[in-house]
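Here is a short report on one protein model.

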Amino acid sequence: MLSISIVTYKNSIDEIKNCLSPILNCASIDTICIYDNSETSPVKSEDVIKLGTNIIYYSDKRNLGYGYGHNHAFELCQTRKSSKYHLVMNLDVQVDRNTLLILIEYMDRSPKTLHCMPKVLNPDHSIQHTCKLIPSPLNLILRRFAPSMLKVLLNQSSYELHDYNFNYVLNCPYLSGCFMFLRSNTFRDVGKFDTRFFMYPEDIDLTRRLHTIGKTECYPFVSIIHQHEKASYNSWRMTWVHIRSMIKYFNKWGWFIDIDRNIYNSNLKRTISKHRNI
């Protein structure tokens with residue numbers, strides 16, 4: 001029924017245990033693949049595999065990127081057992097088995113939904129704004145580099161959809177990559193992640209490709225907790241990785257002329273406005 005891929009980088013066995021322990025007894029999970037991108041891994045394969053009989057561990061010391069790792073992990077899962085749904089998940093996410101079962105039930109009764117994400121909370125249970133407009137270059141420059149006061153003056157909160165109250169299912173063209181609940185066949189049919197992006201915009205790119213052919217929804221009636229480390233905020237090397245990947249993203253989709261971005265964002269704003277006025 002469900003396969004799960006998690007890409008790790010120099011993470012400990014305790015971090016892997018903490019992530020997997022709440023869901024290891026979920027009968028609907030066929031396979032979990034831990035895809036280790038570490039050049040030198042701090043974990044031993046046998047320690048990961050013994051956590052559960054349905055776990056695959058794969059070490060790729062080349063570190064060809066987040067999207068590449070998930071693409072390969074997905075195929076490893078399908079080789080063991082073909083799944084109806086596939087979950088791309090970060091290691092710093094906490095999710096329980098009941099949430100997974102509810103998402104499976106929702107996807108079963110909503111065949112036009114190709115990708116869904118639950119409500120995402122910070123560790124203090126405040127809302128993490130993981131539903132967003134498709135970004136313009138200005139949105140990302142402001143989000144990464146502008147001081148807080150300037151973000152407020154330029155209404156950066158509208159990009160992060162702070163007006164969405166999480167009381168209804170929202171068909172959104174950009175959902176965070178920390179937790180992507182996908183239909184396996186559709187994920188493969190659209191070409192999986194675009195591996196030209198080493199890290200960061202691969203979730204924007206995949207969500208909008210899926211959004212062109214079906215629904216990509218926030219299902220807010222269940223929730224997960226996401227630590228959200230923001231590595232690019234703490235490392236100049238990762239900042240440069242982020243910048244390079246975003247340049248490739250805008251070269252692909254358009255910098256200032258992106259007709260689909262305008263259409264999808266306008267539709268999304270109208271939807272939120274309509275619910276706010278009800």
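## A glutamine and its neighbours

Start with the contacts of one residue in this predicted model. Q128 touches V120, L121, N122, H226 and H228, leaving aside residues up to four places away in sequence. One of these neighbours, H226, also has a polar link: its side chain makes a polar contact with the side chain of Q128, at 2.7 Å.

Where does Q128 sit? Its place is in the loop between strand 6 (113-121) and strand 7 (131-132). Is Q128 buried or exposed? The relative accessible area of Q128 is 7%. Buried means under 20%. Q128 is therefore buried.

## Strand 2 and its partners

Now turn to strand 2, residues 29-36. This strand is mostly covered, with 8 of its 8 residues buried. Strand 2 pairs with strand 1 (residues 2-8) and with strand 3 (residues 55-59). The table sets out both pairings.

| Strand pair | Sense | Bridges |
|---|---|---|
| Strand 1 and strand 2 | parallel | 7 bridges |
| Strand 2 and strand 3 | parallel | 5 bridges |

L2 has I29 of strand 2 as its bridge partner. I34 stands opposite Y57 in strand 3.

Which unit do strand 1, helix 1 and strand 2 make? Together, strand 1, helix 1 (residues 13-20) and strand 2 form a β-α-β unit, and the unit is right-handed.

Notes: Residues numbered from 1 in each chain as written. Predicted model: local features only at pLDDT ≥ 70, side-chain atom pairs only at ≥ 80, totals over all residues. Heavy atoms only, no water. Helix = DSSP H or I, 4+ residues; strand = E, 2+ residues; numbered from the N terminus. Buried < 20%, exposed > 50% of the residue type's maximum accessible area, 1.4 Å probe, protein only. Polar contact = N/O pair within 3.5 Å; in protein donor to acceptor, adjacent residues only side chain to side chain. Contact = heavy atoms within 4.5 Å. Pairing = 2+ DSSP bridges. Right-handed = clockwise from strand over helix to strand, strands pointing away.
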